[in-house]
Amino acid sequence: MKFRTRLLIMSLTIILLPLLLTSAALLVVGSHIEDAESQFGFLDRGSSSFIYTIENYSRISEEVLKEVRQQIRQNPAKLEEKEFLDKITLDLEDKSSYIIVRKDDTIFYTGDEAAAKKIFPALPEYGNEMPGTEAGYYYNDIKKLVKEVDFRFSDGSEGSFFVITSVSSLLSRKTLYNMAFAFILVLILTSVLLTRWIQKGIFTPIDQLNKAMQNIAEGNLEYMLATHERGEIGELYRNYEDMRLRLKESLDEKFEHEKKNRELISNISHDLKTPITAVKGYVEGIMDGVADTPEKMDKYIKTIYNKANDMDRLINELTTYSGIDNNRIPYNFHRINVAEYFGDCVEEVGLDLESKNIQLNYEDLVEPSTQIIADPEQLKRVINNIIGNSVKYLDKEQGVIDIRILDEVDSIRVEIEDNGKGIAAKDLPNIFERFYRTDASRNSSQGGSGIGLSIVKKIIEDHGGYIWATSKEFEGTCMHFVIRKYN
C-alpha cells in the first residue's frame, strides 16, 4: 500500500472511528437526548443538577392528559367513574405509568396503591397546573415524571388528575461523566489501533531494511529481504534485493578477476622462466667455449633468438590483455579489400609455416571487390594467434593448416582449420575464456598464458563480429569468425 493511501486512511480513521464508536456508545443509552428544563419546563424536585429525559416519556403522559382534558370540557363527572379510570389504568400498564386522582387532600383513585402512597405527599397542590404547556415535575430521588390536570368534582371539591411515569432511563451528571470516560476510551482505542497499524506497515519494514543494510555494511551479502507488499515499501524491498544481488555479483566477479590475475601472473612467470633459463644456459655455453665450432655457435645464437621471441610474444600478450581488461585496445579502422588483405596474410605466415614443415592451403570464395571495415593490425593479431595455437598443438608428422574465406551474403566467414590433436568436447565451450587452458600440465613446448583466444574473441566482437570453434579430438580443430561486409 502506498504512503499516500496510508495517510488518507489514517486521516479518515482519526476522524471517523471515534465518531462511529462514540455514536455506538450513545445509542446504547438512548438517542435524541435534550435538556429537560429547557425542552419541557420540568421542575427538579430533588436535585440541583441538570436533568435530561426522552421525548417518548413525555408523549406517554401527554396523550393521556389530552384525553382527560377533553373529558373535563365535555363531562367532568366522567372522572368520578371507576370504569373510566380503570380503562385508563389498563392502557398505561405496559407503559411504566399509572394515575392518581386526588380529591381535596385524599386519594380518590389510583392504579398503584403502594406507589401512590409514597409519592402522594410530594404531589403539587391544587392550582399548580401550567395549562397550554407540556410542563411537569420530575422527582430525581424516585425517578418519577409527574404531570397534572386540575378539575372540580360534581360536589364542588377540588380535584387533581396525575399521570405518574417511571423514568428509569434518565441521565444524571454521573452518567455524563461515564459518557466522557467512554469517549476518552474510544480515543485511546483509536490511537492504539492506528499506532499498531503504522508500526506494522511502516516502522517494522524500515527496521527490517535497516537490519539488512547493516548486514550489507558488514559484508554479508546473503541476507535476503522478501516481501509481497506493493507500494513504496514493496519497491524499497525489491530495490534492496536488486542492489544486494548486483553487489554480490560484482564481488564474485572481483574475486574471480583477482583469481585470474593471480593465475595470469603464475602463468606468465612460468612461461618466462622457461625461455630465460634456456637463454642463460646457451649464453653460459658460449661463454664457457662449448660452442667451439661455427655450426654450434650458429645453433646457440638461433636458439637464443627464438627464446627471446617467445618472451617478446608473452610480454605482448600481457600488454594486450591489460588493454582488454581496461577497454583500451587501440583501433584504427579502415576499408580493407578482403582478397588482397588475406592474400598478403597467407603469404606472410606461409613462409614461417614452410620453415616448420607445415602445409598451408588457402581458398578465397568471395568476390574480388568485397570489402570490410577492420583494423588491419588487430585483425592480423587474430590470424596469428589462431595459427599460433594450431602450430602449437599439431601432433602429426605432416601438419596441415587450411584457411578459407567464405561468402555469407552480408558477411564474410573466415575458417582456419588444422589437423592437430583437437579439443575435448568438455573443454570446447571454455576455450575463449580468459586464462583457460586445455593443457593443464603446462609443458614448455605447449605452454601459454591462456589469454590468446580471449584476446581473439574481444577483437572480433569489437569489429561487430562473432567467433566459435568446432573440433574433433585427435583429428583437428576449426576456428570460425564472421565479420560484416562494407556496403
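Helices (H or I, at least four residues) and strands (E, at least two) are DSSP runs, numbered from the N terminus. With that in hand, let's tour the model. This is a predicted model, in which local features need pLDDT of at least 70 and side-chain atom pairs count only at pLDDT 80 or more, while totals for chains, interfaces and linings use all residues. Residues are numbered from 1 along each chain as its sequence is written, and side-chain values use heavy atoms, with hydrogens and water left out.

View 1. Of its 487 residues, 39% are buried; buried means under 20% relative accessible area, exposed over 50%, and partly exposed in between (1.4 Å probe, protein chains only). Contact means heavy atoms within 4.5 Å. Among contacts between residues at least 6 apart in sequence, 64% join residues at least 24 apart.

**View 2. Five strands form an open sheet in the order S10-S12-S13-S15-S14.** The pairing here is mixed; two strands count as paired if DSSP finds at least two bridges between them. Strand S10 (358–364) and strand S14 (466–472) stand at the edges with a single partner strand each, so one side of each has no neighbour in the sheet. On average, neighbouring strands are turned by 15° against each other, direction ignored. Axes are lines fitted to C-alpha atoms, for helices over the stretch in contact, and angles run from 0 to 180 degrees between N-to-C directions. Helix H9 (residues 338–355) packs on the sheet, where it touches S10, S12 and S13, and its direction makes about 170° with that of S10. Helix H10 (residues 376–392) lies across S10, S12, S13, S14 and strand S15 (476–484), running at about 170° to S15.

**View 3. Leu360 lies in strand S10.** Its relative accessibility is 21%, so Leu360 counts as partly exposed. Leaving aside neighbours within four places in sequence, Leu360 is in contact with Val346, Val349, Gly350, Leu353, Ile401 and Ile403. Gly350 is ten residues away along the chain, and its C-alpha atom is separated from that of Leu360 by 6.4 Å.

**View 4. Strands S12 (residues 399–408) and S13 (residues 411–418) pair in the antiparallel sense over eight bridges.** Ile405 stands opposite Val414 in S13. A salt bridge is a side-chain nitrogen of Lys or Arg within 4 Å of a carboxyl oxygen of Asp or Glu. One of these joins Glu415 to Arg404, with the closest N and O atoms 2.9 Å apart. Glu415 lies in strand S13 and Arg404 in strand S12, so the pair ties together parts that are eleven residues apart in sequence. Glu415 is buried at 8% relative accessibility, and Arg404 is buried at 18%. Arg413 forms a salt bridge with Glu408, and here the closest N and O atoms are 2.7 Å apart. Salt bridges that share partners join Arg404, Glu408, Arg413, Glu415 and Glu417 into one network.

**View 5. Lys103 and Asp155 meet through their side chains in a salt bridge (3.0 Å, N to O).** Lys103 lies in strand S4 (residues 97–103) and Asp155 in the loop between strand S7 (144–152) and strand S8 (158–166), so the pair ties together parts that are 52 residues apart in sequence. With 23% relative accessibility, Lys103 counts as partly exposed.
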